[in-house]
Amino acid sequence: MAPVASSPERTEFFQQVQLALRPKDQAVDSKEALKLLDSLASLWTAQASKDASILDEKLADYVFFPLSHLLRNRGRYPMRVVETIIRLLRELIRYGWKARASPQLFQQLLVFLSFTIGGVPGQPKHGMPEETMIEGFRTLSTLVSIAELSHLPPPADSPTESKTTPALGHSITVMLDGVTDSPVSLVQIEAAECLRTVFTKIKDNTILAQFLPGTISALAKVLSPPQANQTQKRVLLSCLDVLKLVLINVLGDIKVRGLLKKLETATETAGEAASETADSNLRGELTPSWLKATTSQIKIALAAVLKLRAHESEEVQSALHGFCVSLLDECHSSLAGCQLILVETAMMLEDENAPRSHLQTSLQDLAGVYPELADNIKTALYNWVTGLPRIMQSNDENIKQRAIRSILRGSRLADALRFDSSTLEDALGDSLRDSIITLVKGSKEPKIMDDSGVDISSSTDLVASGTELATYAPVLLNSEGQKTTRKEVATLISTIGSAAHQVKLATSMLSHVRDSEGVDQIASFWLAFELLKATYAQSSDMDELFDLSSLGESRYQEEAFQELYDFSASILSTHSDSVEADWRLEAIALEVTAFAASRLKADFRPELIDVLYPVTTFLGSPGSQLRRHAITTLNIIAASCGYGNVSDLIVDNADYMVNSISLRLNTFDISPASTKVLTMVIRLTGPRLIPYLDDVVAAIFAALDNYHGYPAFVEGLFAVLSEVVTQGVKSDTLLLEAPDIAPINHRKRKPFSQGIPAQLWEAVLGMLAAIVGYVRIEDEMFDDILGLVVDVLPRHRELREALETVNADAVWLAMYERGMVRCREAPPAVEGFTFQFARVDKGAAVEVGV
């Protein structure tokens with residue numbers, strides 16, 4: 001070793017150290033020892049930060065000499081003194097001894113630090129302060145980092161036995177205990193960093209292989225449940241990185257390429273191979289049989305570690321993804337038996353939105369290089385798809401969501417690799433349908449439901465609220481706990497495959513819709529609708545411009561949607577209150593109708609002839625879900641067709657609705673909800689609709705004759721008739737027209753009307769007779785009706801008798817004022833009037849004195 005040149009700075013530093021040190025033979029107490037150690041540490045650290053070039057092993061030996069006396073009697077001092085000594089030793093190793101420490105000193109320090117941290121083997125461990133353990137592991141890591149070949153054990157075939165191997169083995173055991181047993185996260189991290197230093201500094205694979213089983217076992221214990229669930233995130237990240245380093249440095253393809261070559265070209269006989277293996281074991285060499293046995297155990301450990309993919313931390317998932325990709329790259333051949341589980345985990349954790357450098361290897365890059373990885377990707381994706389219905393039976397929503405996300409990420413990777421598998425596509429469609437069926441059967445309706453009914457016949461605000469209600473409540477998986485699962489399913493459906501593939505799946509679902517019933521039909525119907533919505537979302541003018549094949553695909557798309565719409569319209573038109581139907585099927589049909597209107601815009605108006613009345617009848621549904629769906633559907637249709645609000649929509653298409661109701665009345669296909677809809681239409685349109693209701697009124701009387709024994713239904717019909725009268729009296733249209741100043745002629749004559757057709761007028765009179773006879777009306781309403789029909793009472797006996805039943809005196813007085821009746825022999829008793837009679841000849845005018 002060349003002598004170190006003296007310099008003024010070095011001399012000055014040496015003098016400062018001398019002043020700080022006491023005489024070697026003088027004992028010091030704890031307080032003085034701490035003062036001495038702090039002084040030395042301050043001097044050494046200050047000089048290292050100022051100019052570390054003057055620090056060498058001789059100065060380190062000089063400072064270490066008094067420390068050795070303290071270490072020899074460390075039982076007399078508190079752990080704070082030992083902790084300070086360990087911290088000062090780290091500075092001496094880093095800036096003083098460096099790589100020039102003698103093998104004897106290296107071994108002494110290695111044993112001292114290992115025993116200080118882990119205690120003496122075979123003796124009970126005393127409580128060690130966590131600060132001391134942290135400083136010990138940091139110093140131990142620094143010591144291993146300066147190790148040279150002279151400090152490490154010689155090759156296994158060396159005739160000289162070294163004592164460093166047992167010491168190093170004990171140190172690694174202490175490190176592993178610190179990782180697995182310490183309750184302090186900082187201690188675990190420092191112990192893991194020590195392991196990293198060991199497997200980075202030592203290059204001899206034979207030595208590292210001796211410590212590989214214990215290291216893998218300890219790290220797998222920390223990284224696998226249940227301990228992983230209780231371990232801090234930063235500890236998991238550190239241990240996962242160390243495990244990756246250990247596997248790559250010991251079992252990397254470059255490290256074991258000789259053994260791999262022997263495995264591939266093994267031509268020896270069994271006896272020769274066994275003999276060679278025995279000789280290799282005697283020499284401590286690694287053999288192909290060792291590699292096979294080790295990789296089989298590594299697979300078991302990895303299966304436990306890879307359960308971290310279910311960890312809630314995104315950082316842990318990202319680190320595990322990098323772990324799998326690195327092993328597939330660096331240990332592709334040596335860990336060939338672990339490829340499938342590594343590929344599955346990497347696919348599950350693939351995040352296409354995460355930022356990634358172009359220099360970073362991805363699973364897609366490796367699949368392009370190694371065909372066997374591409375086959376593993378296909379196998380994993382097929383297994384996930386076929387197993388999805390079984391996983392959907394789980395009660396854990398997180399498991400369901402991870403399974404759906406895995407298929408989604410695997411499908412995107414398959415699309416990127418341009419896989420083309422008809423078997424996988426067919427399996428995907430069946431699996432999606434079976435999974436939706438399983439989810440629907442396993443889902444529960446929300447406990448809190450809004451079942452308060454809404455009387456649409458007496459409230460116009462329900463349909464005149466504009467388009468603010470344009471969002472549907474979920475039909476399937478509508479509980480709060482399934483919100484995330486529903487979102488994942490929708491994402492999978494909307495992004496899986498190309499538009500042509502989605503149309504194909506939707507077409508197959510429609511065939512199931514026609515041939516199934518119950519939950520199977522609902523699931524197929526909903527899935528077909530969601531798939532077709534996804535195809536329209538993917539369509540764009542740019543795609544059609546550059547892809548000529550999209551013209552044919554668009555035709556298939558329109559055909560599939562037309563079939564879906566026709567089925568939805570048939571469901572809406574066959575709705576009946578008397579027949580119980582699953583509300584979810586009708587709700588999906590309402591959504592399909594609204595989606596068709598949003599696509600066609602104003603071109604959807606001709607379809608209103610068939611769908612507007614059926615949709616409106618759902619406003620009277622007893623179920624709150626269907627009512628909300630009907631309101632939303634009407635708002636969407638009104639906005640899509642260019643109407644200001646739903647009221648304008650109904651008023652503008654009142655003739656369609658009246659015709660639909662009339663047809664149903666004629667066939668006695670009517671329900672209480674339909675009468676409410678008709679009442680609402682009459683109220684919204686006002687008197688202008690009354691002249692067109694002659695057929696409807698006649699059909700109502702026919703229905704009253706046939707169903708007068710059903711109180712609820714009869715009340716609904718009378719409510720319609722009452723609304724007709726209420727709206728009719730608001731306009732002069734229904735009044736009998738005559739000259740304003742014409743003289744009164746009391747001669748009886750046949751009544752006539754120039755305002756409305758005679759047939760409709762007769763129907764109105766019959767309706768009013770029925771109302772007065774069957775419905776209790778207020779006095780004001782009675783006066784309005786009497787004033788309207790008094791001129792026809794002499795010839796309309798039924799109406800007159802009905803009115804006289806309510807108030808005969810008022811009827812007589814009204815007719816008397818118009819000269820339609822003669823005075824009675826006995827004056828009528830009318831409060832406020834006194835009658836005087838005079839006899840007249842027949843045919844003469846009547847003179848009455850009052």
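Guide: Glu83, Arg87, Arg90, Glu135, Arg138 and Glu190 are linked in a network of salt bridges. A salt bridge here is a side-chain nitrogen of Lys or Arg within 4 Å of a carboxyl oxygen of Asp or Glu. The model is predicted, so local features need pLDDT of at least 70 and side-chain atom pairs count only at pLDDT 80 or more, while totals for chains, interfaces and linings use all residues. Residues are numbered from 1 along each chain as its sequence is written, and side-chain values use heavy atoms, with hydrogens and water left out.

By the salt-bridge rule, the count comes to 16. Side chains of opposite charge can pair when their charged atoms come close. Glu193 pairs with Arg196, with 3.2 Å between the closest N and O atoms. Both residues belong to helix α8 and are three residues apart, about one turn of the helix; helices (H or I, at least four residues) and strands (E, at least two) are DSSP runs, numbered from the N terminus. Glu193 is partly exposed at 28% relative accessible area, and Arg196 is partly exposed at 21%. For these classes, buried means under 20% relative accessible area, exposed over 50%, and partly exposed in between (1.4 Å probe, protein chains only).

Helix α23, residues 518-538, holds another pair, Lys533 and Glu530, again three residues apart, about one turn of the helix. Their salt bridge has an N to O distance of 3.4 Å. Lys533 is partly exposed, at 27% relative accessibility, whereas Glu530 is buried, at 15%. Gln521 also lies in helix α23 and is buried, with 14% relative accessibility. Leaving aside neighbours within four places in sequence, Gln521 is in contact (heavy atoms within 4.5 Å) with Val513, Ser516, Phe567 and Leu585.

A further salt bridge joins the side chains of Asp434 and Arg433, at 4.0 Å from N to O. Asp434 is partly exposed, with a relative accessible area of 32%, but Arg433 is buried, with 14%.

Patches consist of residues with over 30% relative accessible area and no salt bridge, like charges being joined within 9 Å. Lys and Arg count as positive and Asp and Glu as negative, with His and the chain ends not counted; the charge is placed at NZ of Lys, CZ of Arg, CG of Asp or CD of Glu.

Lys201, Lys203, Lys255 and Arg257 form a positive surface patch. Of these, Lys203 sits in the loop between α8 (185-201) and α9 (205-223) and is exposed, at 61% relative accessibility. A negative surface patch is made up of Glu778, Asp779, Glu780, Asp783 and Asp784. Glu778 is in the loop between α34 (758-774) and α35 (779-789), and with a relative accessible area of 61% Glu778 is exposed.

As for the setting, the protein chain has 36 helices and zero strands. Of the 850 residues in the chain, 47% are buried. Among contacts between residues at least 6 apart in sequence, 74% join residues at least 24 apart. The chain exposes about 43,400 Å², and carbon and sulfur atoms supply 51% of that area, as computed by the Shrake-Rupley method with a 1.4 Å probe.

How values were computed:
Patch = residues over 30% accessible without salt bridge, like charges linked within 9 Å, V, L, I, M, F, W, Y side chains within 5 Å.
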